[in-house]
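Q: I've got a model open and a few things to ask about it. Can we go through it bit by bit?

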Amino acid sequence: MVCFLFTIGVITAQKQTVNGVVSDADGIHLPGVNVVVKGTNNGTQTNFDGEYEIDVADSGEVLVFSYIGFQTQEVQLNGRSTIDVSLETDQESLDEVVVVGYGTVRKSDVTGAVSSVKAEDLNPGANASVDQALQGRVAGVQISQSSNEPGGGLNVNIRGAGSINAGSQPLYVIDGVIVNNGSVAATGGQGFTGNRTPRNPLNSLNPNDIESIEVLKDASSTAIYGSRGSNGVVLITTKSGKSGKLKVNYDTYYGFQEAAERLDILSPTEYQQVLNDIIEDGGGDPGQEVTEIEDEGTNWMDLILQRAPTQNHNLSFSGNTESIDYYTSLNYFNQEGLVKGSGMDRYNVRVNLNSNSDEKYNYGINMNASYINDDFASTGVGINENGGAIYSAISFDPTIQPYNEDGSYRESNFVNIDNPLAILNGADARGETFRFSGNTFFEYFLMPSLSAKFQIGGDVQDVRRDIFVQPYTLQGRGTGGLATIQTGRKDYVSLEGTLNYNKEIGDDNISAVLGATYEYFQTKSFSGNARGFALPDLGTDAIGSGDPLLNNLGSGRTQARFISYLGRVNYSLNNKYLFTASIRADGSSRFGENNKFGYFPSGAVAWKIHEEDFMENNSWINQLKPRASIGSTGNANIGNALTYQTFSAGANLLFGDDFYNTIYPTRIANPNLTWERAVQFDVGLDFGFLSNRINGSLDYFNKETKDLLLNVPQALNTGFEVQTQNLGGVRNSGFELGLNVSAITSENFSWDISGNLATLKNEVLDIGDRGDIIRGGQSQIPDFSIVRPGEALDSYYGFIVDGVWQEGDDFSVTEAQVAPGDFKYRDINDDGVINSSDRVILGKTIPDLTWGLTNNFSFWDFNLDVLIQGVEGVDRLNGNLINTYSPNDFRRNRIAEPLLNRWTPENPTNQYPSFVNPTSQGGANALINSRTVEDASYVRLQSVRLGYNVPVNNFSLFNRLSIYLTGQNLLTLTGYSGVDPASNASGSNTIALDFNAYPLPKTYLIGLNVEF
């Protein structure tokens, strides 16, 4: 006991209490500063007055002081018990610059709504394009994968959709060069149903090469791009060399993907039982009875889907010499598809060179070359014999076997659908895309504050699609095989000259840019179809061996030019009051003779309240900057030749003994046609508290798009039904919040939270006197979208289902021939008839709320990143439910739940009908109803990444070595019954239909990153 007490006394005697005050360079006390004994978990934080107290084991210990926005400082005790510390501002973080159109600006001086995402903050995982890496990271930016196939297209909306017929995609600019981002060739061909959304053109950019992404959202930041800024602008900056010796980085991952969800369709035994029960109840035909199940039947989805591997290898070299900063990279990306036969291979080479001399000139070059090899699966919205593999796997008879005894593909005697395996193996589609893009520039400094810069940029795409449909498929059988070759080429050249001025005058700063640009676009296309092959084994390699009398050829060529003049001035008064003004004049060959030029001005102001003298003694507000902007932008994404009268080939006519080719006019000229114009007002607040441990921005915006391109009905005596005119308007308004919180910061553990949230109200203001526009029909699905003033753009339009007719109901209230077990549609006008007059708004495709939440944890050498994304207040038309309620043939398989729980006298449900008489009322339009339009809100665990930084202190070969595990699309919480609530097969940003969706991939990866 005596020894024990003596030991305690010795230990107690060795402990020492250290206290003090932590302040900034101006003597303002800092609350929440982390104070840690170096090399231990022993730590504390300063209180609201900047005071701290900590017990240390030895008088020679080292204390580490760290705080967001300040440089970390280490202090050795040397026996002292009171240590006051003054932390220096981390100037690098305060002077961080963001890229804006035709220049850069200090982040603290931004007057517009600009969101910046660094490379390390992009979504981890198997991302074929930069859009995927940005998903859920920026407030007000909605990104949805319209097709989940490898390299599939995406729909991107920034602050809503403002156009009815023109494009709604944002403008992309890579290293100062506008990207010619249109599709070159279609994904479908003769006898082959492709996805309506083409492959994403941004697949040619290697995500590993990205340094940062800036999203310009308000008119103040986008007006500098004039007639192409109304949908927002995405600026992508690629990596460049850094000072220091050569650095070699190798990053690789390998993993696999599997379907996150599948449609739950009837099993063979359920299929036999349910269909025979319906026949017994009076539905179907007794001749369609399911009499047997062959050898336990077939799960067709199991046969067409696979666990798909994916891999990525990226090797980069960066550094500098006495005069050149250099960065170059080599990349290989491979992703096999969940549907067998689909996939993507990409090869990339990038070279970025920039001078770093202190002379009066500066020059550089950025080049990217890519080759993509695509394998396409037959998907899309085709039906019956035109349906793809997924459509067939859902609908084909599950009671039969895949093959006949002779090895040929089994067919159904009851449905006009091909065997899924016959489609999968017999409809072959491949694509090759070569793309070269880049720019080179030269800048000369006339004086230290004034420079002249000239830049030339280019983007060339060359695409070929080969499609062959074998004679053993239903599509190819009667024709001896079908072959299609499509080629396309897109050329883009830009010339740009600017004068740049930047001058510090005391506490004031003025920067300006004045410039002119010339842009040239050209597209060439060719398509050749053939059929009737004596030797189909050669496919498209011998397309000329088809029947020459059945050949079909087509070609096209379009051109467009832009000439623009631009200017912008930024003025900072006393480093407190910020002013920005810009204007751009755009001239385009796409528009009428009377409207060749348009002018797009903008202005913005901001006030750095935190720099005012009365804020000098405030220690907890680090940034408080209200700002406001207003401006005008345009949308020139309308295609070519809409302003001109056009002609098409007509019939071959016989006059006398000779045939004559004819042409006929197809469009009325409109010399007054011009771009759609958006006027946007934005008010925002940038804030930072507690040494910027809490920082972010809050915005309200109101954007009205006018002069929409609409097809206006014409008088019959013109000979034309419609003319394209500028008419109507759409409004988008809402709030956006971006928030970053450094919850915990210590030497060995940190927790950072980043969140974003955006509300959106979309409203059609005017469409002239033409009345409602009803559109959107696909295959057997009738038009389901409506454009109506006062409603959201392309809202769903159909019938309300009030339940199911029950035995004992009063059937005299309707003239329809209904029976117990039929859907009970609401008679809106109480006329006793269910027809198109009873249709109402059922839902909308544009969400009320989108959000994302990222948590970053760091513990010693481990790090964990978790991203959750959510969408609320959005609906989706489920095309597979339509096929379930009203199939084209009785013997088609369908979604299980409605049929297994269908109405019967013993199960008088109000949820599902009896399926005895599926088309009893309302006609085809009744397919669009409140049961097939579903709530598509969801919360998704988008990505999780766990990494470990291997200590390399004893390994001189490595500068850094880390291993990581990544998961994507791990969990989706939704009430939607389809495979993916974000799926859209329509090929439109606002018209939305889920039909035969390519499965959402759930991805698991293991990776390695090493730097030498």
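This is a predicted model: local features need pLDDT of at least 70, side-chain atom pairs count only at pLDDT 80 or more; totals for chains, interfaces and linings use all residues.

Q: What does the side chain of Asp 175 make a polar contact with?
A: The side chain of Thr 238, at 2.6 Å. A polar contact is a pair of N or O atoms within 3.5 Å; within protein, one must be able to donate a hydrogen and the other to accept it, and residues adjacent in sequence count only if both atoms are side-chain atoms.

Q: Fine. Where does Asp 175 lie?
A: In the loop between strand 13 (171-174) and strand 14 (177-178). Helices (H or I, at least four residues) and strands (E, at least two) are DSSP runs, numbered from the N terminus. Strands 13 and 14 form a hairpin with two residues between them. In that turn, Asp 175 has a positive phi of about 50°.

Q: Is Asp 175 buried or exposed?
A: Buried, with a relative accessible area of 16%. Buried means under 20% relative accessible area, exposed over 50%, partly exposed in between (1.4 Å probe, protein chains only).

Q: What else does Asp 175 touch?
A: Leaving out residues up to four places away in sequence, its contacts include Arg 350, Asn 366, Asn 439 and Gln 455. Contact means heavy atoms within 4.5 Å.

Q: Which strands pair with strand 13?
A: Strand 16 (residues 233-238) pairs with strand 13 in the parallel sense, over four bridges. Strand 14 runs antiparallel to strand 13, joined by two bridges. Two strands pair if DSSP finds at least two bridges between them. Leu 171 stands opposite Val 233 in strand 16. Val 173 stands opposite Ile 178 in strand 14.

Q: And the faces of strand 13, what's buried there?
A: Both faces are covered. Leu 171 and Val 173 are buried on one side, Tyr 172 and Ile 174 on the other.

Q: New topic. What does the side chain of Thr 310 reach?
A: The backbone oxygen of Asn 334, at 2.9 Å. Thr 310 is in strand 18 (residues 308-320). At 0% relative accessibility, Thr 310 counts as buried.

Q: How far apart are Thr 310 and Glu 336?
A: They are 26 residues apart in sequence and 6.2 Å apart in space, C-alpha to C-alpha. Beyond four places in sequence, Thr 310 also touches residues including Ala 126, Phe 256 and Leu 1005.

Q: Now Asn 893. Where is its place?
A: In the loop between helix 10 (879-885) and helix 11 (896-900). Asn 893 is buried, at 4% relative accessible area. Its side chain reaches the backbone oxygen of Leu 266 at 3.0 Å. Asn 893 also touches Tyr 271, Ile 394 and Phe 396, among others.

Q: How many aromatic pairs does the structure hold?
A: There are 31. Rings of Phe, Tyr and Trp (its six-membered ring) pair if their centres lie within 6.5 Å; planes under 30 degrees apart count as stacked, over 60 as edge-to-face and the rest as tilted.

Q: Why is the pair Tyr 361 and Tyr 363 called stacked?
A: The ring centres are 6.2 Å apart and the planes are at 20°, so the pair is stacked. Tyr 361 is partly exposed at 34%, and Tyr 363 is partly exposed at 33%.

Q: What about Tyr 403 and Tyr 409?
A: That pair is tilted, with 5.6 Å centre to centre and 35° between the planes.

Q: Which residues form an aromatic cluster?
A: Phe 799, Phe 823, Tyr 825, Tyr 885 and Phe 915 form one.

Q: Zoom out. How many helices and strands does the chain have?
A: The chain has 11 helices and 54 strands. Buried residues make up 53% of the 1012 residues. The C-alpha trace spans about 100 × 85 × 60 Å along its principal axes.

Key:
Residues are numbered from 1 along each chain as its sequence is written. Side-chain values use heavy atoms; hydrogens and water are left out.
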